[in-house]
Amino acid sequence: MAFGEEAGLHRPLADCVGGVIASIPEDVDLAQALSDRETTDILVHLLDQNREQVERALARVHEGAYGLCEDCGHRIPAERLRYQPAATRCVECQGRWDRVNGRTA
Ligand SMILES: [Zn+2]
């Protein structure tokens with residue numbers, strides 16, 4: 001699946017944290033590159049934009065599971081986290097969840 005399909009949707013988030021995340025080399029796993037503290041700072045900054053999802057992501061940080069898909073358990077690609085730091089599912093599982101829950105964003 002082409003990542004670009006959803007990049008447009010999450011552009012505001014990317015703009016918001018781009019300065020932090022852009023400093024991380026492409027080949028470094030985002031969840032490993034950021035400390036829990038840094039990850040929490042980024043997510044808290046996003047709270048007013050997407051509170052429900054950000055709170056889910058924060059819970060994942062506390063569980064030590066940030067960056068892992070909560071449905072299939074696979075690592076969420078760094079490219080996805082780069083654009084949507086609050087993501088708690090991989091693209092595939094999120095797409096399925098969105099369909100089941102009738103969400104489009
Ligand atoms: Zn998944």
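Which residues does Ile76 touch, not counting residues up to four places away in sequence?

A: This is a predicted model, in which local features need pLDDT of at least 70 and side-chain atom pairs count only at pLDDT 80 or more, while totals for chains, interfaces and linings use all residues. Residues are numbered from 1 along each chain as its sequence is written.

Leaving aside residues up to four places away in sequence, Ile76 touches Gly67, Leu68, Cys69, Leu81, Ala87 and Cys90, where contact requires C-beta atoms, placed from the backbone, to lie within 7 Å.

Ile76 is also among the residues with the most contacts inside the largest nonpolar core, which has 15 residues, and Leu43, Leu46, Val54, Ala57, Leu81 and Ala86 are listed with it. Such a core is a set of buried Ala, Val, Leu, Ile, Met, Phe, Trp, Tyr and Cys residues joined through C-beta atoms within 7 Å; a residue is buried if 20 or more other C-beta atoms lie within 10 Å of its own, exposed if 12 or fewer, and partly exposed in between. The elements that give two or more residues to this core are H4, helix H5 (51–63) and helix H6 (78–83), helices being DSSP runs of H or I, at least four residues, numbered from the N terminus. The largest share, three residues, comes from H4.

In helix H4 (residues 36–46), the buried residues are Thr39, Ile42, Leu43 and Leu46. Seen down the axis of H4, they fall within an arc of 95°, so they line one face of the helix, the arc being that of the directions from the helix axis to the C-beta atoms. The face turned away from this buried side carries the exposed residues Arg37 and Val44.

Conventions
Contact = placed C-beta atoms within 7 Å.
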